[in-house]
Amino acid sequence: MLDGTWQANGEFVAFFALAVCAVTGAVMALSFVKVVHATLSMAFAFVSLAGLFILLGAEFVAFVQVLLYVGAVTILMIFGIMMTNHREEGAGRGRPLRETLAAVACLCLFGILFYAIRGSGFPAPEAALPEDNTLEIGLLLFTRYAVPFELVSVLLTVAFIGAVALAKREADSA
């Protein structure tokens, strides 16, 4: 596959099926009106992405994807929906022109990305991957990327506190 030739083997079929599932889950997450359905669609997309990580040989990242995104983020969103006294709103009037233009733009973007990816030559990795990639990820997180890692932790904590504050304010006003 690196030299631009296509080989229809099991790995390619699994990659294609998981990619279609991930895109379908993402599109469904954006298009569903009910927030719970959108959240479940997003979880479906996250699981599909974890499968793609496994195909890429990044089992640890797949495990973290399932643990954090599918488990924690999706459950946190469902709890947030339940805590905020979310009222289901009916679907607004359809905007056929806007939706048609969006679909055409998405197809054009897909075509451009497909053409660009198909035409590009992926370079072979310069060095072999480490045997224990979990150890390497841990070493990089706590040495080279320690500050960005801590900043992401602070950002997630602030987002969680903000979500709780919003939920508390809506509960008080109701």
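Student: Where does Leu68 sit?

Tutor: The place of Leu68 is helix α3, residues 59-83 (helices are DSSP runs of H or I, at least four residues, and strands runs of E, at least two, numbered from the N terminus). This is a predicted model: local features need pLDDT of at least 70, side-chain atom pairs count only at pLDDT 80 or more, and totals for chains, interfaces and linings use all residues. Residues are numbered from 1 along each chain as its sequence is written, and side-chain values use heavy atoms, leaving out hydrogens and water.

Student: How many helices and strands does the chain have?

Tutor: The chain has 6 helices and 0 strands.

Student: Is Leu68 buried, partly exposed or exposed?

Tutor: Leu68 has a relative accessible area of 44%, so it is partly exposed (buried is under 20%, exposed over 50%, partly exposed in between, with a 1.4 Å probe and protein chains only). Of the 174 residues in the chain, 12% are buried.

Student: How do α2 and α3 lie relative to each other?

Tutor: Helix α2, residues 35-55, packs against α3 at about 175°, with the axes 8 Å apart (axes are lines fitted to C-alpha atoms, for helices over the stretch in contact, and angles run from 0 to 180 degrees between N-to-C directions). The two helices are therefore roughly antiparallel (over 145 degrees; under 35 is roughly parallel, 65 to 115 roughly perpendicular, the rest oblique).

Student: Which residues make the contact?

Tutor: Among them are Phe46 and Phe53 of α2, and Tyr69 and Met77 of α3 (contact means heavy atoms within 4.5 Å).
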